[in-house]
Amino acid sequence: MVVAIGFEGSANKIGVGIVRDGEVLANERETYITPPGEGFLPKETAQHHRSRVLDILKRALDVSGIAPDEIDVVCYTKGPGMAPPLLAVAIVARTIAQIWNKPILGVNHCIGHIEMGRLITKAVNPTVLYVSGGNTQIISYACKRYRIFGETIDIAIGNCLDRFARIIHLSNDPSPGYNIEQMAKKGKNYVPLPYSVKGMDMSFSGILSFLEQKARPKRKQQKMQTKATEEEKWTDEDLCFSLQETLFAMLVETTERAMAHTGSAEVLIVGGVGCNVRLQEMMGIMCEERGAKLFATDERFCIDNGVMIAHAGWEMFRSGSRMAWNDATITQRFRTDEVEVTWRDD
């Protein structure tokens, strides 16, 4: 049996997870939450992670019932992500590995999401839609690599949602995307938005700019208590509804095109935005029409967590991957397709 511990801290989540041969033993996590209208900055996020990581580590060890001498490998997020938080967590992982005298492995954050999704859902060889605050990619496995078939050419979908939440001053607790999802359920009117799919790639920044013009003038007019036009009567709920419907339609279109190219009959949604029930509904309709099957997880495993890093590291370790101490650094722009997938033979 191989026991792996994983440290995740690429953005505003700090997590520690422990796995043993595909069994989740601990999944402890905390989120750095900022006031409404504000995002999380790298320096402050790193400070938060440094202040919480040891307590979370203790909780993970207690919950799992695993002692340090039973752990075989220490894993951490090598990238991609925000540099200061990544570095803060990497230093902790390096220190722990040296104190415990254990080997260390740096894990690609995106592949952590994929392997966690495959473990939990039992998907065999799916087309993967990876949607989060920092990434939007459509991925399929071939010849020892996770190949990127399409991606965002500007901002990630989670970033788009977060920034719109800041425009309309939605709370960041538990997350901006979740609060947009709840507001969207109350939306009644669809606001026509730009639809920007370029081949297999997507663009979200123009949609955000368009929405800024819709939301800010409306709020200014309401503050001045002047008579609103028909356009200005659109509510924040309508805008949230319209944003979700447009963005998710773009994701469904490009995912279906990748499925057609690869002949895939499975779709796996991973990443924080993958928790969105409406996205899962829309993708499920497409899969049903194609005779395919949809796989998705809940917030325990969709949202950034230490378990996904531990499990991906476990896969790497048992397939023979090892890392020299001099390589135990971070790579802020660490592409999904840069990693050789040594643990898959299909």
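The radius of gyration is taken here over C-alpha atoms, and the globule rule used for comparison is 2.2 Å times the number of residues to the power 0.38. With 346 residues, a compact globule would have a radius of gyration near 20 Å, and the value of 21 Å for the protein agrees with this. The structure is a predicted model, in which local features need pLDDT of at least 70 and side-chain atom pairs count only at pLDDT 80 or more, whereas totals for chains, interfaces and linings use all residues. Residues are numbered from 1 along each chain as its sequence is written, and side-chain values use heavy atoms, with hydrogens and water left out.

Along its principal axes, the C-alpha trace of the protein spans about 70 × 45 × 30 Å. The protein has 10 helices and 12 strands, where helices (H or I, at least four residues) and strands (E, at least two) are DSSP runs numbered from the N terminus. Buried residues make up 54% of the 346 residues; buried means under 20% relative accessible area, exposed over 50%, and partly exposed in between, with a 1.4 Å probe and protein chains only. Of the contacts with a separation of 6 or more, 78% are accounted for by residues 24 or more positions apart, a contact being defined by heavy atoms within 4.5 Å. The accessible surface comes to about 15000 Å², of which 50% belongs to carbon and sulfur atoms, as given by the Shrake-Rupley method with a 1.4 Å probe, and for residues only the protein chains shown count as cover.

The UniProt annotation "binding site", which comes from an unreviewed entry, covers Y130, V131, S132, G133, G134, D162, G177, E181 and N276; UniProt positions are given in the numbering used here, feature names are shortened, and annotations may be inferred rather than shown by experiment. Among these residues, G177 is found in helix α5, which comprises residues 176-184, and E181 lies in helix α5 as well. E181 is buried, with a relative accessible area of 7%, and, when residues up to four places away in sequence are not counted, E181 touches Q244, N276, V277 and R278.

Buried side chains were also examined in other helices. R118, in helix α3 (residues 109-121), is buried with a relative accessible area of 17%, and beyond residues up to four places away in sequence R118 touches A123, V124, Y146, L268 and R344. C302, in helix α9 (residues 299-302), has a relative accessible area of 1% and is likewise buried. With the same exclusion of residues up to four places away in sequence, C302 touches H113, G271, G272, G274, C275 and T297, while C302 and E315, 13 residues apart in sequence, are 19 Å apart in space, C-alpha to C-alpha.

In helix α4 (residues 157-167), the buried residues are I157, G158, C160, L161, F164, A165 and I167. The loop between α4 and α5 holds H169, a residue other than glycine with a positive phi near 55°, and P174 is located in the loop between α4 and α5 too. The peptide bond from D173 to P174 is cis, with omega near 0°.

A cis peptide bond with omega near 0° also leads from G79 to P80, and P80 is found in the loop between β4 (73-79) and α2 (83-100). N101, in the loop between α2 and β5 (104-108), has a positive phi of about 60° although it is not a glycine, and N101 is exposed, with a relative accessible area of 68%.
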